[in-house]
Amino acid sequence: MGIVAGLDSSSAFTHIVVCDADTGAVLRQGFAAHPVEAKATEVDPQAWLLSLGEAASGGLLEGVEAIGVSAQQHGLVPLDHQGSPVHPALLGNDKRAQAAAADLIDGLGGRQAWAEAVGSVPQAAQPVAKLRWMARSEPEAARRVATVLQPHDWLVWQLLGRPSRRTTDRGAASGTGYWSAHTGTYRPDLVELALGHQAALPEVLGPSDAAGTTPEGLLISAGTGETMAAALGLGVGPGDAVVSLGASGSVMAVHREALSDPTGMITSFADATGQHLPVVHTSNAVRALRGSAEMLGVEDLDELSALALKSTPGASGLVLLPYLEGERTPRLPHAAGTLCGLRRESMKPEHLARAAFEGMLCSLADALDVLRGRGVEVRRVFLLGAAAALHAVQTIAPALLGTQVVVPQPAEYAALGAARQAAWALGVSRGTADPLVPPAWQGAAAQVLEPGEELAVGKAVRQQYAATRDQIHPGAFDPAN
């Protein structure tokens, strides 16, 4: 078919992969850091273009016929009537909108009202909460807002030469807090509730649609958010879940329909293929490992992993509830971590190390069960993040998650997903691809782990964890809480 490219503009850098459109084989790559301070909460969006230009230098895009764009989610780019930013772009890590999110929850009548309206309950990261923050904290700028975009929307618009038509896709729109994955429509009234007045919103394109073509003839696909692009790059489908191990954790799965969850534990995203990506977040994942390593005085997570494997399943009765920064799943925002089961025989470093890994993975298994409890089928779990390579994680995870575990080799999956989307849109534009089925690229190279005979042992460890959780936090998973 030709050559396509995928661009991933994350919070810190731009990655570009150039791929064979038929097979997905990576032909060349480019990388550039964003010229912004680390952990910045707001930024001039021109910085993303500077990074893009650097990453694409040296003729990287020569011969490319189509490009897809993925970008950091939950960013807000507020524009005036001339298309100029009225305020620096607000990024997903900006927590200033926490009070604004709470105001919005009350303003619509509670968490259930929001879940029914758009499939998620406002969080500080979401654009809808950022609009409310602007209206309260930067009222002069808020009054000038005429159009609201997200980072991927803005980048596509720039690549196309700033046309009058502005676009987004289902995946990115589903994270705004004012678009429903269930109905496939915007809720402009929620924009007005947040901002105080109406604003223009980008047209939501279908998964295989093109946003347009540059004057040079380069086709630009719809683009999407990083999470959706990574799922497309991994090649996950129905029956697959993805567990991400960062400082915090997340569990998402491909599902046939949007899920409304009045507890707010499930965020109902749309994916980049026409299906849905319900996501459950935990506030604590690898931070529980790092905290345990510091407490035990070990140098790094590899050493903690080796120490944990000197213990046995169940950690000699030691249980760590890893709610170190409060918790989102279950909803315990003011909780602290708890270490239970201390006896003389359990007070050894290897047992605490094992309890840290088991606590982290049991917490993520709880999140996975939230999805299973809503009818989401899970036949295998993709495990992402640097911690997925730890021997203790790979040894313990299959039994505790209760299914086959796949550990993909490190790769730029969001950029690959964007490139796959570009190949899809290019094929559809030429009449050579099915608009309902993405191109069948080769799946990610991966290590496959089976629970095997350890499944019964894993169930016992989870029962020990659940008994401790329910004793310390009774009714934590009660929908009424």
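In which handedness of crossing does α2 pass α8? The crossing is right-handed, a term that applies if the near helix is turned clockwise from the far one by less than a right angle, anticlockwise being left-handed. The legends below describe a predicted model, in which local features need pLDDT of at least 70 and side-chain atom pairs count only at pLDDT 80 or more, while totals for chains, interfaces and linings use all residues. Residues are numbered from 1 along each chain as its sequence is written, and side-chain values use heavy atoms, with hydrogens and water left out.

**View A. Helices α2 and α8.** The axes of α2 (residues 98-108) and α8 (residues 188-195) come within 10 Å and cross at roughly 125 degrees. Helices are DSSP runs of H or I with at least four residues, strands are runs of E with at least two, and both are numbered from the N terminus. Axes are lines fitted to C-alpha atoms, for helices over the stretch in contact, and angles run from 0 to 180 degrees between N-to-C directions. The two helices α2 and α8 are therefore oblique to each other (under 35 degrees is roughly parallel, over 145 roughly antiparallel, 65 to 115 roughly perpendicular, the rest oblique). Leu-104, Gly-107 and Leu-108 of α2 make the contact with Leu-190, Leu-193 and Ala-194 of α8 (heavy atoms within 4.5 Å). This contact has five nonpolar, one polar and no charged residues; Ala, Val, Leu, Ile, Met, Phe, Trp, Tyr, Cys and Pro count as nonpolar, Asp, Glu, Lys and Arg as charged, and the others, Gly among them, as polar.

**View B. Helices α11 and α12.** Helix α11 (residues 301-308) packs on helix α12 (residues 349-372) at an angle of about 110 degrees, with the axes 7 Å apart. α11 and α12 are therefore roughly perpendicular to each other. From α11 the contact takes Leu-301, Leu-304, Ser-305, Leu-307 and Ala-308, and from α12 Pro-349, Glu-350, Ala-353, Arg-354 and Phe-357. Seven of these residues are nonpolar, one is polar and two are charged.

**View C. Backbone at Pro-330.** Thr-329 and Pro-330 are joined by a cis peptide bond, with omega about 0 degrees. Pro-330 lies in the loop between β20 (319-321) and β21 (338-340).

**View D. Backbone at His-74.** Although not a glycine, His-74 has a positive phi of about 70 degrees. The loop between β5 (66-71) and β6 (77-79) contains His-74.
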